[in-house]
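Biologist: Hello! I am new to reading protein structures. Could you walk me through one, feature by feature?

Modeller: Gladly. Let us look at it together.

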Amino acid sequence: MAKLITEEQLAVQREYITKLRGENALYAQRTGRARSVLTETYGCQQNENDTERIRGMLRDAGFEFTEDPHNADVVIYNTCAVRENAEQKVFGRLGILKHIKEEERPDMIVAVCGCMVQQEHITEKIKAVHDHVDLVFGTHALYKMPELLYRAVKEKNVVVDIEQSDGAIAEDLPIMRDGSDKAWVSVMYGCNNFCSYCIVPYVRGRERSRSADAVMNEVRELAANGVSEISLLGQNVNSYGKDLDEGIDFADLLTMVNGVEGVKRIRFMTSHPKDLSDKLIDAIARCDKVCKQLHLPVQAGSDRVLKQMNRRYTKAQYLEKIDKIKKAIPEISLSTDIIVGFPTETNEDFEETLDVLRKAEFDHIFSFIYSRREGTPAAKLDFALSDEEIRRNFNKLLDVQNEISKRKNEAMVGTVETVLVDGVSKNDAAMLSGRCDNSKIVNFKGDKSLIGKYIDVRITEAHTWSLNGEYVRETEGR
Ligand code: 5AD
Ligand code: SF4
């Protein structure tokens with residue numbers, strides 16, 4: 001059973017929220033303006049969801065929010081460690097903040113939290129190079145943010161909490177969600193898989209599941225507040241419940257969420273192919289609210305590389321699962337993650353990845369160039385290809401996939417799809433944009449009053465990454 005942060009521990013943090021609120025009120029009296037905070041999030045939805053908790057605690061502590069660092073009294077970066085470029089971005093931002101702090105805002109509190117600082121060498125680097133950072137806290141200390149921030153404000157000393165632990169689960173933390181139609185709900189934290197390239201198990205700890213009761217209470221409350229689309233999150237949702245003694249697995253949980261009144265769409269990520277069960281495929285097929293969409297990271301096509309990655313399936317086994325899913329749910333939209341340039345990957349190995357793309361026919365892929373992560377087993381391996389060859393393979397991968405994505409999108413032209421209208425289109429301010437059940441983006445002309453509603457659109461045009469459509473009617477359903 002996953003350990004919980006106790007009610008006493010949470011009460012201590014609530015006291016610090018009250019203390020911070022007092023401090024902030026005094027500050028506002030003194031200066032005539034409220035203390036403002038800027039939060040910035042890197043990485044996956046899990047991090048986005050964590051930032052929503054951080055913002056919830058900050059809101060309760062009386063902070064206002066800003067997006068302008070020149071105007072911020074507190075800056076919090078919630079960081080990602082999966083690839084080096086995410087870390088470099090944070091270091092770049094910290095460099096800019098140093099100037100702002102020195103020249104304009106000497107009292108600014110700079111905080112770095114999340115996955116990146118859970119690595120010792122990064123924390124050492126921050127201490128050595130970025131002495132304007134006041135507060136560093138890891139993924140396991142998130143619930144303690146009020147106390148840590150209070151100390152940083154009062155003590156003027158650098159406060160660091162990067163305790164290594166499997167991280168007990170903190171339920172009922174305040175939350176300030178982004179948006180009112182859709183919400184993320186974490187069902188489990190951490191990962192036990194130790195893929196040889198991946199830092200996640202080291203920075204997020206072992207797998208631990210939230211109780212089904214806690215998940216269901218959160219979902220019911222969201223639905224009661226008008227949220228209709230729920231995305232269930234976990235590094236490997238197929239392991240959900242294995243550490244609990246409730247006898248409820250992820251397929252059961254999906255079925256339970258499917259029964260909640262007010263919920264119209266359910267999405268989830270991520271599934272590890274080795275654990276994708278027939279029972280889960282059946283649940284996706286059977287549950288009317290579960291979107292017919294599956295993200296199933298393959299990472300590579302060569303059996304030798306897959307073995308070195310410690311993925312524990314072969315290319316043939318992966319493709320068998322894809323076949324099975326397509327047979328059970330013919331309309332399923334599939335996506336995957338691919339790493340190009342894993343050490344030891346040769347051009348022949350890479351051809352196997354292209355072969356998976358051609359056979360599986362994903363609707364969409366997320367592709368990454370391998371990034372060396374200190375402390376992972378793959379970091380010790382030598383590269384078979386030069387940077388230039390890896391870059392060439394990466395571009396080839398995109399070429400092959402773009403053609404498949406376009407073809408799959410073209411097959412939707414003429415169909416009528418229900419979309420949840422998200423807002424104004426990112427590409428064209430005169431258009432609205434929303435997502436189909438299968439998660440594809442549709443842009444169409446329509447009145448802004450449609451935002452937040454479910455409508456039917458007829459698909460008129462296909463692009464590589466999106467569709468165009470025309471408004472047909474509003475719909476009650478999904
Ligand atoms: N380098 C490149 N990509 C990585 N991923 C995880 N670790 C690395 C790494 N070291 C990718 C995987 C994973 C996704 C979230 O990030 O494809 O599925
Ligand atoms: Fe990383 Fe593998 Fe766990 Fe995914 S399953 S988080 S790639 S270790």
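Modeller: Let us begin with a definition: two strands count as paired if DSSP finds at least two bridges between them. Keep in mind, too, that this is a predicted model.

Biologist: Thanks! How many bridges join strand β3 to β4?

Modeller: The general idea is that strands of a sheet pair through backbone hydrogen bonds, either parallel or antiparallel. Here β3 (residues 74-79) and β4 run parallel, joined by 6 bridges. To find a place where they face each other, look at Asn 78, which stands opposite Cys 113 in β4.

Biologist: And which way do the residues of β4 point?

Modeller: In a regular strand the side chains alternate between the two faces of the sheet. In β4, Ile 109, Ala 111 and Cys 113 point one way, while Val 110, Val 112 and Gly 114 point the other way.

Biologist: Why is β4 described as largely enclosed?

Modeller: Buried means under 20% relative accessible area. In strand β4 (residues 109-114), 6 of the 6 residues are buried, so the strand is largely enclosed by the rest of the structure.

Biologist: In what order do the strands of the barrel close?

Modeller: Follow β15-β16-β17-β19-β18: these 5 strands close into a barrel, and their pairing is mixed. From one strand to the next, the twist averages 50°. As an example of one pairing, β15 (residues 416-424) and β18 (residues 454-462) are antiparallel, with 5 bridges. Within that pair, Val 419 has Ile 455 of β18 as its bridge partner.

Biologist: Now the ligands. Which residues have polar atoms facing ligand 1?

Modeller: Look for N or O atoms paired across the gap. A polar side-chain atom of Arg 83 is 2.9 Å from an oxygen atom of ligand 1. The side chain of Asp 337 places an N or O atom 2.6 Å from an oxygen atom of the ligand. With Tyr 197 the backbone takes part: one of its polar atoms there is 3.0 Å from a nitrogen atom of ligand 1. Taken alone, ligand 1 exposes 410 Å², and the protein buries 85% of that. Two elements, β13 (333-340) and β14 (364-369), each give two or more residues to the shell around ligand 1.

Biologist: What kinds of residues make up each shell?

Modeller: Around ligand 1 there are 6 nonpolar, 2 polar and 3 charged residues. The shell of ligand 2 has 7 nonpolar, 3 polar and 1 charged. Residues around ligand 2 include Cys 191, Cys 195, Cys 198 and His 272. Tyr 197 is listed around ligand 1 and also around ligand 2.

Definitions and conventions
Residues are numbered from 1 along each chain as its sequence is written. Chains are lettered from A and ligands numbered from 1 in the order in which they are written. This is a predicted model: local features need pLDDT of at least 70, side-chain atom pairs count only at pLDDT 80 or more; totals for chains, interfaces and linings use all residues. Side-chain values use heavy atoms; hydrogens and water are left out. A residue is near a molecule or strand if one of its heavy atoms lies within 4 Å of it. A polar contact is a pair of N or O atoms within 3.5 Å; within protein, one must be able to donate a hydrogen and the other to accept it, and residues adjacent in sequence count only if both atoms are side-chain atoms. Accessible areas come from the Shrake-Rupley method with a 1.4 Å probe; for residues, only the protein chains shown count as cover. Helices (H or I, at least four residues) and strands (E, at least two) are DSSP runs, numbered from the N terminus. Ala, Val, Leu, Ile, Met, Phe, Trp, Tyr, Cys and Pro count as nonpolar, Asp, Glu, Lys and Arg as charged, and the others, Gly among them, as polar. Axes are lines fitted to C-alpha atoms, for helices over the stretch in contact, and angles run from 0 to 180 degrees between N-to-C directions. Buried means under 20% relative accessible area, exposed over 50%, partly exposed in between (1.4 Å probe, protein chains only).
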